[in-house]
Amino acid sequence: MFTRRQALLGVAAAAMLAAMPPLAAAANEAEIAALVREKVTLVAPPFVHAHEQVASGGPKIVEFTMPIVEKQVAIDDEGTMLQAMTFNGSMPGPMMVVHEGDYVELTLINPETNSMPHNIDFHAATGALGGGALTLINPGEQVKLRFKATRSGTFVYHCAPEGAMIPWHVVSGMSGTIMVLPRDGLKNEKGEPLRYDQVFYIGENDFYVPRDEEGNFKAYESHGDSYADTLEVMKGLIPTHVVFNGAKGALTGDNAMKSKVGETVLIVHSQANRDTRPHLIGGHGDYVWEQGKFANPPAKNLETWFIRGGSAGAALYTFLQPGVYAYVNHNLIEAVELGATAHFLVEGEWNDDLMKQVEAPGPIPVN
Amino acid sequence: MHLHLYEAAIGVAAALAVPAAIIGISGEPRVGDLQGSAETVEIAQTVIDYPLPGEFLAEGRPSAAPIVKKTAPAFRIMKHQVSLSDYNRCAAESACDPADATPTAADVPVTGVSFLDAEAYARWYSKAMGETWRLPTALEAAAAGGERFGGESFSAAADDAANPAVRWLRRYREEAAAKRPADPEPKPRGHYGPNSRGIEDFGGNVWEWTSTCHARVTLNPADGAVETVTENCGVHILEGRHRATMSNFVRDGKSGGCAVGTPPENLGFRLVRDQDSILAGTRSWIGSAFQSAVSDPA
C-alpha cells in the first residue's frame, strides 16, 4: 500500500534523484523499481563497454551479469601455467561503467564446474564488506546484488571469500574495476569538461608461481593442489610475475593498444593487491586522478603516477607524437623482467617542433 | 687488459662454482675424454649475397643494410654446434664459466653462453686439441648457413624522411606478425637436420655467436659507399634464423635486446678450425668480416 507521498515521489523520482546529493535521502523499493533499467553486456579488457560520458537522463538501474571462471592460463611466453580464478573469464575482470547515483545490479554466477565458493567486494559500494557478505556463493549457485553508486571514481572490485582465501583469490586473478562517472562527466580543476575518445583499461596482476628444485616454475593439476606451495611464495611478498591483463605481453604485438595523434585516451589502471607506478614512456599524464576519485581535482602533467594496492586510478592523455609507446610499471625490473609492459601504437604526423634529431649518430669529431 | 682481468676472475669463480652434477655427468674430467677433435665440414670458397651487419645511416636516417656480393674463402667448420657435454668439460677444468643451460641428459648443444664464454671455450679447445679453433666471422656463418642463413629479417630503412615513427610502427608490426610460439627447449643435436652444405642444426633454436663486431656505418646517400664506421666490439653479431646483436656478456637471448617480437631462443656457437696457425693469427687479427667487407665493396 503506497502512501500518497510515496506515489508522488515515485512519479518524480527520476528528476528528484538527479538533483539529490548522495546522502540526502534513501529511495525506497518502489522508487527504485520505477527507475529505467539498462542491461549492459561486458567486454574483455583492455576495452570497455559503450557508455555515455555525460549521463543523458536520471539515475538508472544498470544490470550486469558475470560468471566466475576457474581455469588454467598461460601467463608468460615460456608457457608458465597459473591456476587462475577470474570474473567473466578475463584478468582483470571486465570494467563496469555507470554514473553517480545509478544503481548497479549484478548477477554473479558460480557455475558448478568450479571448485570453490566465491563472492565480490566492491570498493565502490557501502556496507556488508562491499557486498562480500551478501554474495558468497558455492559452485552451482548464483546471487543478485544491488548497490547504489554514491561516489564517483574508479574503484577496484575483487573476490574476498574469507581468511587466507582472500589474498589467494585476488592474486589468482579475481579483481576488476568499476568506473562511476560524475553525471556531468569528467572535469578539470576549474570545473571545465574533460572528454576522451577512447578508454583503455589495464589491470595489473602480481602472480606468485612456485618453482621446483631446479628453479623451474611448477604446474599443478588443480587449484587445490597449487594452494599450499603458492601461499608460501605469496608470504615472501616477491612476485614471480608482474603483468598487465593476465599475462606477460598481453598488451603487446598484435594486441598493442592503438591510438592516433590528437586523440585523447583515458587510461584506467587497477591493482587490487600491490602498489604500482604507471608511466607512459615518451608521453605524460595530462590530467591524472591518482587515487581515481573524480570529486577531487586531477593532478596535471605527471610523469609517473602512483596507484595504491587496492585501488584504481585514471590518467587522461592526448597523444602529440606518433610512434611506439611503452606503458610500464616504472619499477623497470618489474616492467622488463617480470612482465609489466604494454605498448601503444600511435599513428600520425611527427612534430619536429616537439622533437628532432638534429644530428644523427656518428663518429666524435676530432679537432 | 680489463677483459683479461675479468676473465681471470671468472675462472677463479668457476673453479669454486662447478656444480657436482656436472662433474658427475662427465666423470673425472680430463681433456683426454674428448674423442678426437670435432667432426668438421669443408666449406669451399663461395660468393654470396651478404647483407652487411650493423646499423646503417644515410643522410642521417636509418637505411637498409647494403647487400654486397662477398667472396668467403674456403674454411672448415664444425658440423654440429658445440655440445653441452663438451662445454661442461671446459667448465670442469675451470677454463670456462658453467653455462646457464637447462640441465638435460640428452646430447644437446650448449646454450646459455655469452660471446666471452664462446671465446674462452675456443681457447681451451684449441689448447686441448693442439689445433687452432676460433669463432666464425659473420660472413663465414652466412656461407656455412647456406639456404638457412636468415640475415636481416626486417628492413631498418626509413620510410618517411619527415616522420621517424612510420618506420618504428612498420617494424613493430612486421615483428609482431613474424612472432611465433617460443620453443626454447634445446633439441638433441641433429634435430633440425643438415642444410645443403652438410651443416647440422643451423637456423634451429640455437643462435650462433660470431667474431664480427657490431658497427654503426654512415653511407653515402648517392652511391651507398661507406663513409664512416664506428665499431663496437663490446657487442657481437649472432647468426641463425635471423641476425641478432648482443652484448658480449649476454647469455640469454630474451634479455639481450634483439627484435621486439623475435628474440633468439638460445645462444650457442660452433667453431672454425684453421689449418695453420699463421693464417689463423692473421684472420683473428683482421677480426670482423665486416671490416673486410667494407674495405672491399663489391
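Trainee: How many residues lie between β8(B) and β9(B) in their hairpin?

Mentor: First, the ground rules. This is a predicted model, in which local features need pLDDT of at least 70, side-chain atom pairs count only at pLDDT 80 or more, and totals for chains, interfaces and linings use all residues. Residues are numbered from 1 along each chain as its sequence is written, with chains lettered from A and ligands numbered from 1 in the order in which they are written. Strands are DSSP runs of E, at least two residues long, and helices are runs of H or I, at least four, both numbered from the N terminus. The hairpin of β8(B) and β9(B) has six residues between the strands. In that turn, Gly224(B) has a positive phi of about 75 degrees.

Trainee: What joins strand β8 to strand β9 in chain B?

Mentor: Two strands pair if DSSP finds at least two bridges between them. Here β8 (residues 207–219) and β9 (residues 226–239) of chain B run antiparallel, joined by nine bridges. Trp209(B), for instance, has Leu238(B) in β9(B) as its bridge partner.

Trainee: Which residue of β10(B) stands opposite Val235(B)?

Mentor: Ser247(B). Strand β10 (residues 244–247) of chain B pairs with β9(B) over four bridges, in the antiparallel sense.

Trainee: How many residues of chain A are in contact with chain B?

Mentor: Contact means that C-beta atoms, placed from the backbone, lie within 7 Å. By that rule, 17 residues of chain A touch 19 residues of chain B. On the chain A side, the elements giving two or more residues are β20 (323–329) and β21 (341–347).

Methods
Two residues are in contact if their C-beta atoms, placed from the backbone, lie within 7 Å.
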